[in-house]
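User: I am new to this structure and would like to go through some of its parts with you. Could we look at it together?
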Amino acid sequence: MPIVAPSSEGLHSSRNSGRATRTGIGSFAWFRSQRLLYWLLVIALWSCLRLYAQPRWAHGGKKDDVMGSVDEPSHFINESFLTVKHESFVTAKHESTASRQRANGRSPNLLRKRHMRTVRHSRSRVERKKKAMAAMKSHNLEEKEMVTMKNASYGLIVGPFSSIEDKLLGSIAKKQSGTCDLKGDFGRAVKSRKFVLIFHELSMTGAPLSMMELATELLSCRATVSVVVLSKKGGLLRELTQRRIRVLEDRVELSFKAALQADLVIAGSAVCASWIEQYTDRYPANWSQIVWWIMENRREYFDRSRMVLNRAKVLVFLSKSQSRQWLTWCEEENIKLRSAPAIVPLSVNDELAFVAGMACSLNTPSFTPERMMEKRQKLRNFVRKGMGLTDEDMLAITLSSINPGKGQLLLLESARLVMENYSSQESIRLRRDFNLITGNHSRSLFEESNNIGLPKEQSIPSDPTNERERKNLRLSGLSTALTDKTAVPFESGCRIRGRKGLSENERKNSNTLKILIGSVGSKSNKLPYVKEMSRFLSLHSNFSKSVLWTPATTHVAPLYSAADAYVMNSQGIGETFGRVTVEAMAFGLPVLGTDAGGTKEIVEHNETGLLHPPGRRGAKALALNLRFLLENPSVREQMGMSGRRKVERMYLKQHMYLKLTEVIFHCLRTK
């Protein structure tokens, strides 16, 4: 067979087909080798498109809503944006769910109700967050205003010394979780019970602080505690939050509901009368679950609460004098109480007792009372150095709200008499004539020295030079050289008459008195009274250098540690009890208090401190007492140790809760 050569067309066609095949295969291989790069480009383009298009779609193309306006902070815009986004998401979710349920034959009304309930809950959460942010802003603003006020209205401000306390004592001194003994009577009485505690305010004063510590102790005893606050005036809200104490937002409906479910309702002030009246008007039979712990002793508080005093199961008072006073007022108004009142004095909490070096539940093998006494001495040295005090200075402190009832202005007048009107030797001679050291009451001297119509030369008793009085002086440990017979009238502004005074060098080396007054910035302070004190200090510029101020704080252990004496100068019928009095005694401080109210029940005259009458007449006696302690450090220390021993016998935490347990048992048993 003849061989036929292939045509040129067939030859070229087959060659072209192979070339095309090779070209296609090469392109596909190149694409496969570079596809990772292509995917990265696609992902980048998609991300850019999403970042640009999605916010504009969500906000309708409004730039201000996306980026935040210039005048409004971005975090508020973000919060509102998240709220709208959350609500729209919830709405879309429930609409889709409703369509599915409708397709399955279920009623959409139930879904609509659930949807509205969810939206309300979400809105309420947002409102609570906004309220918390507003409260934080207002608190910060109040702190800034307080700093400005301190610089404008007060002199030298010292403290608080919380950082020094933390550094020297450690976190164990600030234990806030309670130290309940579950096997004790109080622990067994309150365990698994429900309590509602009524606070009249949140100031850093005796009643709110005592109620806060009671709530902490109840929680540590595994009880359920809810707190109703009638006025959020003060700075304890943050402290309550740190202690995990539940504070009810509503003081009417929600508090009534919690009270109905509680075993006991404990009201912590006479100001709680308004809440008790509303609650018992709505639920008249529930008076049997109310324990009313009244911590005031003025007639105005009785007048505002007298209409509902018989709507409580039992009234609890702080002292015998307060109980007698309120029972007398009840008899005058023909008010019959449900039961006999109980007396439960306040106490020194474990945190302060621990720092004071007393045996308490916070002690450990590493932190024994002896070890804490050493740390307290270091704390004293640091704080006094921060105040600019020397070892020769005597620091007398008073920590309470600044108002006429506490008598801070009279204290300043007394301190001015000590600092400006008397030299050391003349004060010793005057103290020789003071009947306190012979066992007589301080009031006797000042009734004689202030008798109207008597000439000033007859206002001071004669010199006690007889043998009996000298013997009394030696026995009391207060004897001194009684040789110079000089009568010194104790009138404000008068000139001192004496044969010899101290030289300039002796005056520089003599002891000096310093006064520390708290609590600056407290919501319970009376501004007109503060201004009056400022005017007094401005008139006596030299004396004002001896006056220190400290802000309101719960860190009082450094102040007690640095002090040498405590002044409780409550006026009128006196202090109801004086929680700060027993706290100061726990730190070994002698107390200079008014001879009225609960103070005279705590302070033993010439034993744990010195008493003086209230009023301006008492201011002169207080001046003598201050000068006497200034010149007799050994007697100061002796009185302080006597007061410390009395606190260990009567005013520690276990003593208060022992009496409170009896009240709780009585109310729960007869409910």
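User: Which strands does helix 24 lie across?
Analyst: This is a predicted model. In it, helix 24, residues 579-586, lies across strand 9, strand 12 (565-568) and strand 13.

User: And at what angle does helix 24 run to strand 12?
Analyst: The angle between helix 24 and strand 12 is about 170°.

User: What is the order of the strands in the open sheet?
Analyst: The open sheet has seven strands in the order 1-11-10-9-12-13-14, and the pairing is parallel. Its edge strands are strand 1 (156-157) and strand 14, each of which pairs on one side only.

User: How many bridges join strand 13 to strand 14?
Analyst: Four bridges join strand 13, residues 591-594, to strand 14, and the two run parallel. Within this pairing, Gly 593 has Leu 611 of strand 14 as its bridge partner.

User: Which way do the residues of strand 14 point, and are they buried or exposed?
Analyst: Gly 609 and Leu 611 point one way, while Leu 610 and His 612 point the other way. All of these residues are buried.

User: Back to strand 9. How many bridges does it form with strand 10?
Analyst: Strand 9 (residues 394-399) and strand 10 (residues 513-520) pair over six bridges in the parallel sense. Leu 399 stands opposite Gly 518 of strand 10.

User: Changing topic: where does Ser 524 lie?
Analyst: Ser 524 lies in the loop between strand 10 and helix 21, which covers 527-539.

User: Why does Ser 524 count as buried?
Analyst: Ser 524 counts as buried because its relative accessibility is 14%, and the cut-off for buried is under 20%.

User: Which residues does Ser 524 touch, leaving out those up to four places away in sequence?
Analyst: Ser 524 touches Glu 201, Ser 203, Thr 205, Ser 401, Ile 402 and Asn 403. With Glu 201, there is a side-chain to side-chain polar contact of 3.2 Å.

User: Now the helices. How do helix 26 and helix 27 pack?
Analyst: Helix 26 (residues 616-631) and helix 27 (residues 633-650) pack at an angle of about 105°, and their axes are 5 Å apart. The two helices are therefore roughly perpendicular to each other. Helix 26 contributes Phe 628, Leu 629, Leu 630 and Glu 631 to the contact, and helix 27 contributes Pro 633, Val 635, Arg 636 and Met 639.

User: What classes of residue make up the contact of helix 26 with helix 27?
Analyst: That contact has six nonpolar residues, two charged residues and no polar ones.

Note on methods:
Residues are numbered from 1 along each chain as its sequence is written. This is a predicted model: local features need pLDDT of at least 70, side-chain atom pairs count only at pLDDT 80 or more; totals for chains, interfaces and linings use all residues. Side-chain values use heavy atoms; hydrogens and water are left out. Buried means under 20% relative accessible area, exposed over 50%, partly exposed in between (1.4 Å probe, protein chains only). Two strands pair if DSSP finds at least two bridges between them. Contact means heavy atoms within 4.5 Å. Axes are lines fitted to C-alpha atoms, for helices over the stretch in contact, and angles run from 0 to 180 degrees between N-to-C directions. A polar contact is a pair of N or O atoms within 3.5 Å; within protein, one must be able to donate a hydrogen and the other to accept it, and residues adjacent in sequence count only if both atoms are side-chain atoms. Angles under 35 degrees count as roughly parallel, over 145 as roughly antiparallel, 65 to 115 as roughly perpendicular and the rest as oblique. Ala, Val, Leu, Ile, Met, Phe, Trp, Tyr, Cys and Pro count as nonpolar, Asp, Glu, Lys and Arg as charged, and the others, Gly among them, as polar.
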